[in-house]
Amino acid sequence: MDEMKEVIKNYVIREYVEDDTDVTYDTPLISGGIVDSFSMVSLKRFLENKYQIAIPDDKATPEAFDSVNKICLLVNEYIK
Amino acid sequence: MAYTEKTRGIYKEILGGLQQAGIFKQERFIHSAQAADIEVEFPAGSSLKKVINICANNYLGLSSHPEVVQAAHAGLDSHGYGMSSVRFICGTQDIHKKLESMVTEFLGTEDTILFPSCMDANGGVFEAVLTKDDVMISDRLVHASIIDGIRLCSAMHDTFKHSDMEHLEEKLQLHNDKRLKMVITDGVFSMDGDTAKLDKMAELCEKYDALLFCDDSHASGFIGKTGRGTHEKCGVMGRMDIITTTFGKGLGGASGGCVSGRRELVEMCRQKARPYLFSNTIAPPVVAGVIKVLEILSASTDRRDKLENNTIFWRKGLTDAGFILKDGDTPIVPVMLFNAKLSQDVSRDLYEEGVYAIGFFFPVVPQGQARIRTQISAGHDIIHLEKALDAFRKVGKKYEILGKTKQEIIERYGM
């Protein structure tokens with residue numbers, strides 16, 4: 001779980017952060033304006049490719065993607 | 001009639017909020033034709049002031065060119081004022097087809113379709129050519145009209161960091177399973193004046209079998225050796241799949257736009273693009289004017305050459321004076337001030353000195369990147385630019401920003 005958190009956090013920083021904004025496991029990503037709704041697409045695709053899962057569109061909500069911790073919980077639901 | 005006081009109050013509150021936030025837009029009334037020298041009424045009701053205009057998209061100085069005006073008059077006489085019909089019913093004249101053919105030749109594409117504006121072209125093109133099985137991968141700084149067009153399309157959408165080709169390649173790999181991939185960019189970015197790396201993008205698109213789309217509204221007519229646009233500058237003429245552009249900027253400045261590119265994609269727009277299907281196209285006098293513009297630009301590169309020289313003179317003048325500019329070589333020259341209020345104060349003082357230039361700040365540009373965006377024209381003579389430089393130097397001295405670093409300006413005025 002910790003390794004997964006670190007992988008996702010690093011992806012978010014590399015993908016979306018273009019200044020020195022600090023990102024922790026609890027930083028609000030969508031509601032905090034770091035990840036916009038357009039960009040959620042690539043985050044979902046990254047997770048699906050990385051962990052070989054399929055996240056249904058209706059589960060990929062802004063709330064479920066709003067922090068690294070929440071994303072890990074979501075991913076773990078679909079890992080077999 | 002149900003416009004109650006309650007309803008009115010809702011809107012008044014919203015508008016009041018815009019005023020309080022300092023983002024309420026006010027028009028300045030110009031009483032002359034669009035040109036380097038204009039007469040402006042601002043604030044409303046005040047007497048007219050003659051100023052040098054350095055914020056128009058009139059890059060080639062053709063907005064009021066006598067030959068263009070004359071051609072528009074002739075078009076009005078020969079083809080009438082309006083069409084009273086959309087294109088596919090009874091709204092297509094011979095001059096519409098002639099203009100489409102001329103644009104195709106000018107841009108070096110396979111076919112062209114006119115739209116009422118480039119906003120409409122960008123609003124209609126994506127949903128016409130892509131489906132939910134496809135993906136659009138856009139630069140993060142593309143124009144608002146592209147973002148609106150993307151929102152209207154059912155294809156998946158992803159972004160890449162501004163002009164970051166490694167990031168674009170990652171995205172092309174990530175979405176390689178899609179039926180069609182389209183990479184989307186502006187040619188020249190309107191707020192920063194930088195140019196897309198179309199040569200690298202074309203290579204990546206060929207490597208990953210993706211379509212390449214470019215909105216060249218701030219480039220058509222003057223970027224590239226013969227003014228064909230960003231694709232000419234980057235050496236990729238003939239390798240673009242879709243170019244959208246406007247006739248509302250360098251190409252005469254009136255109105256109208258187009259989608260130009262691969263024959264089948266243009267035909268898809270003719271069959272499916274909603275702004276084309278459900279709105280009248282460009283009015284006959286404007287069509288006649290744009291035809292004349294393309295004739296002028298195809299006969300000589302004098303105007304784009306003058307614009308290039310003016311831009312070099314302007315950039316050097318501002319740099320020597322000690323202003324901080326965004327890097328680039330296009331006629332869009334942003335003078336960086338970083339602080340929103342400072343950008344408004346400098347704009348106001350420049351106006352007092354006879355120079356019309358607008359300050360831009362968040363949310364139009366990122367937080368802490370407020371600026372005066374200057375736009376140079378072939379309609380400017382060196383004497384205009386020298387006068388404008390005098391005004392900039394005087395105002396810059398007043399605010400003690402000449403020769404100062406970004407950090408020093410921010411320390412004094414804040415972000």
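**Close-up 1. The surroundings of B:Phe392 in this predicted model.** Leaving aside residues up to four places away in sequence, B:Phe392 touches B:Ile54, B:Trp314, B:Leu318, B:Phe323, B:Val335, B:Leu350, B:Val355, B:Ile372 and B:Thr374.

**Close-up 2. The largest nonpolar core, with B:Trp314 and B:Phe392.** Here we step back to a core of 81 residues, in which B:Trp314 and B:Phe392 touch the most other members. Helix H12 of chain B (residues 284-299) gives the most to this core, supplying eight residues. Both domain 1 (66-299) and domain 2 (302-413) of chain B take part, each with at least three residues in the core.

**Close-up 3. The second largest pocket, seen with the residues nearest its centre.** This pocket has a volume of about 1,200 Å³. Its lining is made up of 38 residues, and those nearest the centre are B:Lys25, B:Gln26, B:Arg28, B:Ile358 and B:Gly359. By residue class, the lining holds 16 nonpolar, 13 polar and nine charged residues.

**Close-up 4. Elements of chain B around the second largest pocket.** Three elements of chain B, namely helix H14 (340-352), strand S13 (358-360) and strand S14 (370-375), each bring at least two residues to the lining. The largest share comes from H14(B), with seven residues.

Methods:
Residues numbered from 1 in each chain as written. Chains lettered and ligands numbered in written order. Predicted model: local features only at pLDDT ≥ 70, side-chain atom pairs only at ≥ 80, totals over all residues. Heavy atoms only, no water. 1 Å grid on protein atoms, 1.4 Å probe; cavity = no way out; pocket = protein on both sides within 12 Å on 5 of 7 lines; lining within 4 Å. Points joined across faces, edges and corners; volume = space filled by probe spheres on them. Helix = DSSP H or I, 4+ residues; strand = E, 2+ residues; numbered from the N terminus. Nonpolar A, V, L, I, M, F, W, Y, C, P; charged D, E, K, R; others polar. Core = buried A, V, L, I, M, F, W, Y, C linked by side-chain atoms within 4.5 Å. Buried < 20%, exposed > 50% of the residue type's maximum accessible area, 1.4 Å probe, protein only. Domains from an automatic or database assignment. Contact = heavy atoms within 4.5 Å.
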